[in-house]
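Trainee: Could we go through this model together, a few residues and strands at a time?

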Amino acid sequence: MPLIAEGAQQPISDAHRLELLIDAVSDYAIYMLDPDGFITTWNAGAQKIKGYSAVEIIGQHFSRFFTTEDQVSGVPEKILASARTTGRHEAEGWRVRKDGTRFWANGILQRVVDEDGTFVGFAKITRDITERMAAEQALLESEGRFRLLVEGVVDYAIYMLDASGIVVNWNTGAERLKGYTADEVVGQHFSRFYTSEERAKGMPVRVLETAAREGRFEGEGWRVRKDGSRFWASVVVDAIRNEAGELQGFAKITRDITERRAAQEALRESERQFRLLVQGVTDYALYMLDPNGIITSWNAGGERIKGYNASEVLGQHFSRFYTEPDRAAGLPARALYTASQEGRFEAEGWRVRKDGSLFWANVVIDPIRDERGDLVGFAKITRDITERREAQIALQEAQAQRAHAQKMDALGQLTGGVAHDFNNLLTVMSGYVRLIEKKVGADPEITSATNSIKLAVERGAALTRQLLTFSRRQAFNSEIISPAERVEAVRGMLAGSIGPNVKLVSMMEPGIWPVKVDPGELELALVNIALNARDAMPDGGIVTVTAENVTLLPGKSKTGLEGDFVVLRIADTGVGIPPDVLTKVFEPFFTTKPADKGTGLGLSQVYGFAHQSGGTVTIDSQVGQGTTVTLYLPRADPSEKTEAPAGGKVLVVESDPELARSHIAMLGQLGYAAEAVGDASAALKAVGSRDFDLVMSDIVLTAATDGVALARAIREVKPDLPVLLAAGHEDKADWTDEFALIRKPVDLAELSRAAARTIAEARQPSDTNVVRLRNARTAGSHPAGE
């Protein structure tokens, strides 16, 4: 079918088309494309220019002649679309030969239709115009230099030299920089701008020789103005040649860069000083990283803190300073990412020294960017703050301990006050029950009633005792005992308390130091801990009791104690205690047991006993693994001896009338003649005017003077008159070794023993004639009914 090129008047026959292809000139690549851009014909010119034979290229897409950049940008498709739409497309650009070389091509793509006007493909003509393009480019550059000269750039001295170095033209910038007008300098040799030292060395000649030989000279150096002043110049000299390659002269550009040089010198000096500063800092590790985290600089502080010298660490990745878990978690990479994205990274954590030891570090990473904003690396600062962290932790622990102590002290004051008033009620009840028993006799109904009242008093006394122990106001009867022997002595009782499903194991180290405690309170503390352990092991388990000697150094123990202590540990294999509950277990009345299963006072008694004994108690627990309660009891002075106890007219000092009548009645049953006064002033008057064998005083009196102050006042005026103090709780710790004590509520048998022994000891010979009952072991050693 005949084809008609768009715009053509006469049809072109197939024979004519074949003749055109055969006669194709070799300077043009002329070939046909189908509508999709695939090559259907190929001429000799195409093979010459592009390097492909017809067999190699026919059937291939014409886009293969385009550069990769143009292919990615879709240039071939755009050319096809343009020719298909407008009928013709012409453009210039880089094309690629078979051997991969590039040439600058002029390409024309013509849309081709048949005689019916049906679109059948494209005619493509390509010409290699690389040389022409290079010539045009050179001309453009020459014209550009010329324009710079004629436009008079004032920041650059731009002028021409002939082949021998004679100045042939001069611009405004040259006049401004060097001080010469064109009339003064044109026709002069350019060497006049050099210093005499440079001229003597032949520098001007070497500059022109270099430019002529290499095509260009570039350098910096001192140059001289017309007025003789010097400036630091940046110089470029280009050789100018004609088409035949003959040297025609030189183009010379000079710029005054004195200020830039001064700035560079200042920068170099600043950098030198900064390097000295960084190298001199030893408290901080200051070093640089490349964008990938490779160490590129290292200072003395880095070596001191981390243990590596520069030769060992430069070129290594900074992640080597992290712990293995932190590296596995990707922390080094996250640190760099955060710094690059947010402009800064700061954190604290464990880091590793060369010797494998750990230190707590404060780390700051800042990104370093160039003038274009591209990331070029990181500045990293590391400081060892292990000591500061330990101090902060110690401070936090001390604050927590202080807050806990204040809380427990407030609870102790509250429970102590309540227990004191409760004790007074129990004392009255106990005294009158015994009077009723004595007066009524053996009436069964009355006896049953009084027994019930006595049982209630005993239970109340036990409850009060635990409250007073927690508040550290319990009147202790301390003795020097062997903890190991005491544990073995109560082993049977403990085993009976915890039941058959729980195995009791005790392991005592040999040579356990003696301690000075109230034996009854120690036994009660052990029973309370054991009962809690039993309740934590409903399916059975093991309770282990151990003892060891420890010496706590100042500031080294979390207990806040120092000195020699015996440590009693009671561990169970129970269900454990959750962390939120563990902090409350020593609070009075706190319990997780049902209402009928516990009072919440067991561990409160343990807490009070340990602290009133001069020690402390701690508890550690993990859910599902068990609990360990640790008692710290201070070592007793082995040379201290506890005094054995010994056994009328009695002066009762009691501000509560009911209690006073109760005490008088009980003393009367014991055969003493007793009278009562209500305060300390009346007591001193009575003692001064009458003779007594014993003064029995409550510690808490309503007047300003309490029982302890009264006892001391009596000792001053009548040192041989013994004083027996009735104590529901103790407000002071410095009088318990001075006077005999009896616990309230007062039991008749205890009162009998305490009164008889106190009077007997006062009558024994004494160097100081002062009664000192250090422990009053039998005076009220157990509350009523125990």
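Mentor: Gladly! Ser-319 counts as buried because its relative accessibility is 16%, where buried means under 20% relative accessible area, exposed over 50% and partly exposed in between (1.4 Å probe, protein chains only). This is a predicted model, in which local features need pLDDT of at least 70, side-chain atom pairs count only at pLDDT 80 or more, and totals for chains, interfaces and linings use all residues. Residues are numbered from 1 along each chain as its sequence is written, and side-chain values use heavy atoms, leaving out hydrogens and water.

Trainee: Which side chain joins that of Ser-319 in a polar contact of 2.9 Å?

Mentor: A polar contact is a pair of N or O atoms within 3.5 Å; within protein, one must be able to donate a hydrogen and the other to accept it, and residues adjacent in sequence count only if both atoms are side-chain atoms. The partner of Ser-319 at 2.9 Å is His-317.

Trainee: What is the bridge partner of Ile-158 in E9?

Mentor: Strands pair if DSSP finds at least two bridges between them, and strands here are DSSP runs (E, at least two residues) numbered from the N terminus. E6 (residues 156–162) and E9 (residues 247–256) run antiparallel, joined by seven bridges, and five of the seven residues of E6 are buried. In E9, the partner of Ile-158 is Ile-253.

Methods: Helices (H or I, at least four residues) and strands (E, at least two) are DSSP runs, numbered from the N terminus.
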